[in-house]
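User: Please go through this model with me in questions and answers. I would like the cut-offs stated along with the values.

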Amino acid sequence: MTPNSGITALIVAAGSGSRAGEGAPKQYRTIGGKAVLAHAVDAFSAHPAIDHIQVVIGPGQDELYHDAIGERPLPPPVTGGATRRASVLAGLQVVHGRKVLIHDAARPFVPGTVIDRLLRALDTHQGAVPVLPLVDTVAYGGAQLGDTADRSALVRVQTPQAFLSDVIREAHARWPDAIEATDDAQILRAIGAEVALVDGDKALEKLTYEADFAAAARRLEAGMITRTGLGFDVHAFGGEGPVWLGGVAIPHPRGLAGHSDADVALHALTDALLGAAALGDIGDHFPPSDPQWRGAPSRLFLEHAAALIATRGGLIDHADLTIICEAPKIGPYRDSIRASIAALLRLPDARISVKATTTERLGFTGRAEGIAAQAVATIRMKDFE
């Protein structure tokens, strides 16, 4: 790709989001188990016309950003400024490509059809914005109701807003610093450029207040179906202890043999999650033949499976794990294992069940030759055909 080709999505996520209630800034709050910012990133990643994604974050938000984005392959975020315009300017400095879509992270759901309409409009215009008609009566306010305005001449402007990159950079450079612009289309119009209007979408509603998050969660969960996966794994004893089970080191004279840390419980649970999402099995994602996973902590496998589900907009509802062995005794460590798995999946302990049983001294586990585990995971995902 040449330096002046391609299309970049510039996602502005530098605000404090104070009106959305207490806690993290709204772009880092979760909807359906996934950060608002991550929803926006995934929407642009899924569109075939988007070549690059660049995120702008606020000062001191690096940890929040990395927790929200996880393993998504994005360039390092740019640190924005004290105003939205300053943050957009910081992002535009590193944007490469002929076209840029500037988007507010607080609008997590970006329909691909809107992106299509914006890009088509850029074939004949230097900028384009999605809009919705006003359906309510519009009047001037104050201490009492004032005159009404002609709503037929008014529209609600949304993001993403699409521009030719060089032109929007020039417009920002010429905008007076003393005036704060409400959006980038306003800045482009100030240099005499025409901005095309395309049909917006109700899915692009901005999250501002607490009630907006509840509505967004309902929108996300509509159309999801429940899916269940089963996982099973077994490892023989081999070498010195401890035994790793559910991310907890349990004292025992012998450890378990395996390419990673041989955490049979996390392996079974990882397969259950992958199975529920129809994403293969643990060997597909972490081949035993790959030396990079030798001795690796199995929490990486479980976190990877959970991240894949989250990336696809899925929710993990419950996990039920059964550990099958004669020794070590699981009872004293069951609560620790449960808490460990809950932390790895970012779920309440109440959604994790850990049980233990024996085979009455029958078979492989009954002869104390190793440990087996089986797991069932329940998730919700969109019904993709």
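This is a predicted model: local features need pLDDT of at least 70, side-chain atom pairs count only at pLDDT 80 or more; totals for chains, interfaces and linings use all residues.

User: How many helices and strands does the protein chain have?

Analyst: Helices (H or I, at least four residues) and strands (E, at least two) are DSSP runs, numbered from the N terminus. The C-alpha atoms fill a box of roughly 85 × 50 × 40 Å along the principal axes. The secondary structure in the protein chain comes to twelve helices and 19 strands.

User: What percentage of the 385 residues is buried?

Analyst: Buried means under 20% relative accessible area, exposed over 50%, and partly exposed in between, with a 1.4 Å probe and protein chains only. Of the 385 residues in the protein chain, the buried share is 49%.

User: Among contacts with a separation of 6 or more, what share joins residues 24 or more positions apart?

Analyst: A contact means heavy atoms within 4.5 Å. Among the contacts in the protein chain with a separation of 6 or more, residues 24 or more positions apart account for 71%.

User: Which arc holds the buried residues of helix α3?

Analyst: In α3, residues 84-92, the buried positions are Arg 85, Ser 87, Val 88, Gly 91 and Leu 92. Seen down the helix axis, these buried residues line one face, because their directions fall within a limited arc. The arc is that of the directions from the helix axis to the C-beta atoms. For α3 its value is 160 degrees.

User: What covers that face of α3?

Analyst: The cover includes strands and helices. Among them are β1 (7-13), β4 (52-57), β5 (78-79), β6 (99-104), α5 (165-174) and α6 (184-189).

User: Is Lys 99 buried or exposed?

Analyst: Lys 99 lies in strand β6. Beyond four places in sequence, Lys 99 touches residues including Ile 7, Leu 119, Asp 123 and Phe 163. Its relative accessibility is 10%, so Lys 99 counts as buried.

User: Which residues do ring pairs link into a cluster?

Analyst: Rings of Phe, Tyr and Trp (its six-membered ring) pair if their centres lie within 6.5 Å; planes under 30 degrees apart count as stacked, over 60 as edge-to-face and the rest as tilted. By this rule there are three aromatic pairs. Phe 286 and Phe 301 form a tilted pair, 4.3 Å centre to centre with 35 degrees between the planes, while Trp 293 and Phe 301 form an edge-to-face pair at 6.0 Å and 80 degrees. The cluster consists of Phe 286, Trp 293 and Phe 301.

User: Is Gly 241 buried, partly exposed or exposed?

Analyst: Gly 241 is found in the loop between β13 (224-240) and β14 (243-245). Leaving aside neighbours within four places in sequence, Gly 241 is in contact with His 252, Pro 253, Arg 254 and Gly 255. Because its relative accessibility is 31%, Gly 241 counts as partly exposed.

User: What is the relative accessible area of Thr 365?

Analyst: Thr 365 is found in helix α12, residues 363-366. Its contacts beyond four places in sequence include Ile 324, Cys 325, Thr 359 and Ile 371. Thr 365 is buried, with a relative accessible area of 7%.

How values were computed:
Residues are numbered from 1 along each chain as its sequence is written. Side-chain values use heavy atoms; hydrogens and water are left out.
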